[in-house]
Amino acid sequence: MSADLFTPLELGGIELPNRVMVSPMCQYSCEARDGMPTDWHFSHLTSRAVGGAGLVMSEATAVEPRGRITPHDLGIWSDDHADALADVTAFVRDQGSVPGIQLAHAGRKASKTRPWEGSRPLQPDEGGWETLAPSATPWPYDGTPPATRKMTKSDVEDVQESFVAAARRADEAGFQVAELHAAHGYLTHEFLSPVTNDRDDEYGGSFENRTRFLRELVAAVDDVWPSEKALFVRISATDWLPDRDSWTVEQSARLADDLGDLGVDLVDVSAGGVHPDQQLPASGPGYQIKYGRRVREGSSGVAVGAVGGITSPEQADALIRNERADLAVIGREHLRDPYFTHHAARRLGREEELDVPVQYDRAF
Ligand SMILES: Cc1cc2nc3c(=O)[nH]c(=O)nc-3n(C[C@H](O)[C@H](O)[C@H](O)COP(=O)(O)O)c2cc1C
């Protein structure tokens, strides 16, 4: 019998109670600009666990201050960050849900204001900073971009070490899944895509070279990340730049194979974000789901999460039943409905799967 939305999923040594993952979503809510979680983060993440999601993934969490998109991003570059995040993971686990953390570095897309402040480049006199990237070309802003430094070999090693230290802290904080962010035009994606990688050393040029940064990163993190916990990588399956030499679904399937060989438990398949000229498809229901399916079919055996425009229980359930993905990764619908999974159990006639907190029993 094929799996459905409520079939537990074992990844690494971790069992997710169902196939619903809360997609990582930046909250830009560290008001003190110190990367420390606030009551907002606690409330945002734990309420989705109360709502029944099998896996609650934190937002992109910066492995070093330069890797923040905005000064208000969450971080995990010190032990104090890890201590504070331990409260979140303990509460999420108490709800029967699995806490995950997305480890991230924003590369040339760092040093901006928040979306509700215009997402414009931050200048040094406003607290902006020099960004790091595989090439010296800044993101093509309308305004003056922050300076972008082409990473030296030693920068590469420093950033990789920051990811490793962050993974170690994430383990100590009680996270059970670590997801390396290699999508949406941030640092690791900038290495993967020929659009943002003009290097002529061992990190640029061929597929082998462009994927080296990520492959080295996965191997280094895997060394410190406990084998009984799960390791994910989020990729953009395509740059949506069909008229240029760019990152494609075929390369993603090949990469997924390599990642599986390196011990990655699931590839979380998103799309786009590397350049403003991208040709977005119409963003209707499940607008990116086909990429997860193509990566799953084109690679041999690594589990896949699909994300993008999943809004209904029926759609999420069909995704799993039709074996288009192993995990339904749901973003904005979780902002509208923290109790998506409980509502899904009712809508799909799976009341026996309802695992509502006793305090809320009378409502379900
Ligand atoms: C407010 C917001 C913040 C986001 N932050 C992140 C992030 O931190 N990391 C990431 O990989 N994707 C991020 N995304 C993308 C989502 O995880 C998801 O891939 C995207 O919204 C498409 O899925 P959806 O249609 O279910 O929302 C964000 C999206 C939103 C709406």
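**View 1. Phe191 and Phe213 are both buried.** Buried here means under 20% relative accessible area, exposed is over 50%, and partly exposed falls in between (1.4 Å probe, protein chains only). Keep in mind that this is a predicted model: local features need pLDDT of at least 70, side-chain atom pairs count only at pLDDT 80 or more, and totals for chains, interfaces and linings use all residues. Residues are numbered from 1 along each chain as its sequence is written, and side-chain values use heavy atoms, with hydrogens and water left out.

The structure holds seven aromatic pairs. The ring centres of Phe191 and Phe213 sit 4.3 Å apart with the planes at 5 degrees, so this pair is stacked. For the cut-offs, rings of Phe, Tyr and Trp (its six-membered ring) pair if their centres lie within 6.5 Å; planes under 30 degrees apart are stacked, over 60 edge-to-face, and the rest tilted. Phe191 belongs to helix α4 (residues 187-192) and Phe213 to helix α6 (residues 212-224), so the pair ties together parts that are 22 residues apart in sequence. Helices (H or I, at least four residues) and strands (E, at least two) are DSSP runs, numbered from the N terminus. Together with Tyr203, Phe191 and Phe213 make up one aromatic cluster.

**View 2. Tyr339 and Tyr360 pair edge-to-face.** Their centres are 6.2 Å apart, with 80 degrees between the planes. Tyr339 is in the loop between α10 (332-336) and α11 (340-347), while Tyr360 is in the segment after α11, so the pair ties together parts that are 21 residues apart in sequence. Tyr339 is partly exposed, at 26% relative accessible area, and Tyr360 is also partly exposed, at 37%.

**View 3. Arg68 lies over the face of Trp129, and Lys109 over that of Tyr186.** Arg68 is 5.1 Å from the ring centre of Trp129; for Lys109 and Tyr186 the figure is 4.7 Å. A charge counts as over a ring if NZ of Lys or CZ of Arg is within 6 Å of the ring centre and within 35 degrees of the ring normal.

**View 4. Helix α9 (residues 313-321) crosses α11 at roughly 80 degrees.** Their axes (lines fitted to C-alpha atoms over the stretch in contact, with angles from 0 to 180 degrees between N-to-C directions) come within 9 Å. On the α9 side, Pro313, Glu314 and Ala316 meet Phe340, Ala344 and Arg347 of α11, where contact means heavy atoms within 4.5 Å.
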